[in-house]
Amino acid sequence: MYVSEWENGRRTISERYARILRALLGVTDQELLAPENSAGGLVSVGGYDELTARIDSARSVSATMVKTFMDQTEFLRTVDRQMGAAGLVDQMTGHLSTLEDALTFAVLPETRRPVARALAGAATLAAWQALDMGAVERAWRHYELGKRAAQEADEPMYLVHAMGEQAYVLADAGRPALAVDLVRDAQRVGSGRLSPRLRAWLHAAEAELSAKAGMPDDCRRALEKATACMPTGETARDDDMLSIFLNEGHLTRWRGNALALLGDDEAVSSLYQALDTIEPSFIRAAAGLRCDLAHAHLARHEYDEAREHLREARLLANRTNSVRHRRRIEQLTQDW
């Protein structure tokens, strides 16, 4: 009985001293009671040793390390294009966390900007993957992260690309008119600082989103602008913006997609032309193309052809575990 009372009294006194220490030192219970701080001084309790260690580590991030970050993003982009994003969630999360930590503890602009550029590209890729998997809020947050990183890096191309892709989140959420506004704002933000290929990409995105918003005239004008901006030749990769793949073949597919959304007969010829030239590694894009063909045939009441393309689209969507394409396939299936 007396032992118990004595222990309770000692516990009360200990708690009182703990409160006093927390108030004096400005630390949490976890920091105060952590074993590594039990024999240390005030500097250790405040976490300065760990902070300075992380700052010193961030200072050592070299151009070679930034290139390694970019190469990792490129690897994840390649795997995603061919196999889908479902198996990459953990890797992508770890990659983003590493880049965010490197940026958080980098101090001077010459260190921060290259890391921010790498983070902008990785965050935008992660956002598109999340959108494909149906994780729309995560996609939106990743796009916001990508935009902030692009602004810090002073990289307008990365910023407008993130804005252009983020517009698709709005369109998928049933706000296509707002999506059109966002992609047009991206064009305004980029102004004269964009590569021709990225400018064509933005106009093509505007065309598709305008079609979804029921704005046929705007759609056709945007397609004309995309064609006018498009560089000639077979090259699809934008050297200044590695996440952009666009050549005349890709633009033909995009044109067919937009026209199919409008119910235009011309869509079928454009889409079959794109089907003949699509690169085998673009598995998810091929699923989208098959959906576009099904949509175009449905508009012409050609149900057998539509059914065949939906079957192919479903196989490809299952192969990449694309929730976004599966959802579209189900919507098209209900249309007849």
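Helices here are DSSP runs of H or I that span at least four residues, and they are numbered from the N terminus. With that numbering, the predicted model shows a protein chain with 17 helices and two strands.

**Overall chain**

- Of the 336 residues in the protein chain, 45% count as buried, and the accessible surface comes to about 17,500 Å², with 52% of that area belonging to carbon and sulfur atoms.

**Largest pocket**

- The largest pocket has a volume of about 1,300 Å³, and of the 40 residues that line it, those closest to its centre are Trp 128, Tyr 168, Arg 253, Arg 324 and His 325.
- Two or more lining residues come from each of α5, α7 (109-132), α9 (156-172), α11 (196-212), β2, α13, α15 (283-299) and α17 (323-333), and the largest share, seven residues, is supplied by α15.
- By class, the lining of the largest pocket comprises 16 nonpolar, nine polar and 15 charged residues.

**Second largest pocket**

- The second largest pocket has a volume of about 240 Å³, and of its 13 lining residues the closest to the centre are Asn 247, Glu 248, Gly 249, His 250 and Thr 277.
- Both α13 and α14 (266-277) give at least two residues to the lining of the second largest pocket, with the largest share, five residues, coming from α13.
- The lining of the second largest pocket divides into two nonpolar, seven polar and four charged residues.

- Asn 247 lies in the loop between β2 and α13 (248-262), and it counts as buried because its relative accessibility is 10%, where the cut-off for buried is under 20%.
- The side chain of Asn 247 makes a polar contact of 2.9 Å with the side chain of His 250.
- Apart from neighbours within four places in sequence, Asn 247 is in contact with Arg 197, Met 230, Gly 233, Glu 234, Thr 235 and Ala 236.

**Cavity**

- The structure holds one cavity of 30 Å³ or more, and the largest cavity contains about 90 Å³ of space.
- The largest cavity is lined by Met 70, Thr 73, Arg 77, Gly 121, Tyr 158, Met 241, Leu 242 and Ser 243, and the elements that give two or more residues to this lining are α5 (63-83) and β2 (241-245).
- By class, the lining of the largest cavity has four nonpolar, three polar and one charged residues.

Definitions and conventions
Residues numbered from 1 in each chain as written. Predicted model: local features only at pLDDT ≥ 70, side-chain atom pairs only at ≥ 80, totals over all residues. Heavy atoms only, no water. Buried < 20%, exposed > 50% of the residue type's maximum accessible area, 1.4 Å probe, protein only. Areas by Shrake-Rupley, 256 points an atom, 1.4 Å probe, with all protein chains shown as cover. 1 Å grid on protein atoms, 1.4 Å probe; cavity = no way out; pocket = protein on both sides within 12 Å on 5 of 7 lines; lining within 4 Å. Points joined across faces, edges and corners; volume = space filled by probe spheres on them. Nonpolar A, V, L, I, M, F, W, Y, C, P; charged D, E, K, R; others polar. Polar contact = N/O pair within 3.5 Å; in protein donor to acceptor, adjacent residues only side chain to side chain. Contact = heavy atoms within 4.5 Å.
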